[in-house]
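The following paragraphs lead the reader through one structure, beginning with a pocket and passing on to an interface and its salt bridges.

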Amino acid sequence: DALLSCHRSYRSRPTHGIGKFKYLLPKEVPKKRKEKVQMKEINAGTEYQYGDVNIQMTSYDLCLVEHFAQYVHRLCNRLSIRVNESYAMPTKTSEVLFLEERGSKMQLDAVLTTHQRVVQICGLSSTFAPILLEIIQSNQPEGVHLLMKQHTEADFKSRLKSRPELEELLAEMS
Amino acid sequence: PCRAQPKKKKKVDVKKEQAQKERMKKKLKKLEKAAPELIPIEDFITPLKYSESNRVRSLPTLSPEESERRVLLLKKWCLFKQKQDEAEKKAIKALVESQQEALKELRLESEELFQAAIRRDEGLFPFERDGPRYTPPLPGYDPPEGKCTDITKVYTQ
């Protein structure tokens, strides 16, 4: 115990730092704290540059839309366009029912899932925008619906869970 | 006696209301403190039934001629795709170059038009386009009546 509790360092002696071992152990990764989901500031863009633009790709086919999103992301990387974020929107499931020929009952036909991927880019120049649009359109696969629009707060809010209790309280307060 | 009772009622009411308001404010503060969460995406969660099953697919063994043929086909496909990609890159370069040249000439012509051309197009966004289809729509097709119901799971915090 006397050895461990000694606090004198003897910095001029060659035995300085004797007994240290933590530098030999593998580095511990610091505990990841849950990052709070905050909305980043929306860039409005100047007169010669578009601000935050969302490229939204929707389709029933998951693999196709995923691969197309990857293609668009790599294309932007190659053309040195800054990509802010590349995320997926929650999937929408819908039941398709059709009316039988002889009968009044609705028959279940299929359960379709709609998938959506979003690639957010920033700093698109006004001269290059039509060219980019042309490239993406020419490579658009079958059944994939393309939508390009400016990023708004409502778009961000649609990704978050709804909080009915908070809204109720706010309604009661005001 | 007539005065004392109504006064008591008023006091108690006001206090109760104030207490209620404070409780509501505290609740609101607590709820607002909690950060909003993103809706979990079902695409990225593999359903359990695909990880639990033990059945394994056994592929048939390929003859050397077949594997040879496949490798050569793959090489040809790679070459074809590379040529396609290079042609695309060349086309993009040509587009950009011709655009820059046109803008240069326009600048020499008139500064005003050049400035107007450089400006961003407000009518460009929002832009929507449907992807091409495999087959054109059948003429005279009568679809059966039906409806689509949205059954997405609603997540609440």
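By class, the lining of the second largest pocket comprises seven nonpolar, eight polar and three charged residues; here Ala, Val, Leu, Ile, Met, Phe, Trp, Tyr, Cys and Pro count as nonpolar, Asp, Glu, Lys and Arg as charged, and the others, Gly among them, as polar. The model is a predicted one, in which local features need pLDDT of at least 70 and side-chain atom pairs count only at pLDDT 80 or more, while totals for chains, interfaces and linings use all residues. Residues are numbered from 1 along each chain as its sequence is written, chains are lettered from A and ligands numbered from 1 in the order in which they are written, and side-chain values use heavy atoms, with hydrogens and water left out.

The lining of this pocket consists of 18 residues, and those nearest its centre are A:Pro90, A:Thr91, A:Lys92, B:Ile39 and B:Thr152. A pocket is an open set of points on a 1 Å grid over the protein atoms alone, where a 1.4 Å probe fits, with protein on both sides within 12 Å along at least five of seven lines; lining residues have an atom within 4 Å of a point. Strand 3 (82–99) and strand 4 (106–122) of chain A each contribute at least two lining residues, strands being DSSP runs (E, at least two residues) and helices likewise (H or I, at least four), numbered from the N terminus. Strand 3 of chain A gives the largest share, four residues.

The interface of the two chains comes next. Contact, meaning heavy atoms within 4.5 Å, involves 65 residues of chain A and 54 of chain B. Together the chains bury about 5700 Å², 61% of it on carbon and sulfur atoms; buried area is the accessible area (1.4 Å probe) that two parts lose on being put together, summed over both. Within chain B, the most area is lost to chain A by B:Arg120, B:Phe125 and B:Arg129, together 13% of what that side buries.

Two salt bridges cross this interface, each a side-chain nitrogen of Lys or Arg within 4 Å of a carboxyl oxygen of Asp or Glu. B:Glu37 pairs with A:Lys161 in a salt bridge, with the closest N and O atoms 2.9 Å apart.

Over all chains, the whole structure holds 11 salt bridges. Another salt bridge joins A:Glu85 and A:Arg159 (3.9 Å, N to O). A:Glu85 belongs to strand 3 of chain A and A:Arg159 to the loop between helix 3 (153–157) and helix 4 (164–173) of chain A, so this pair ties together parts 74 residues apart in sequence.
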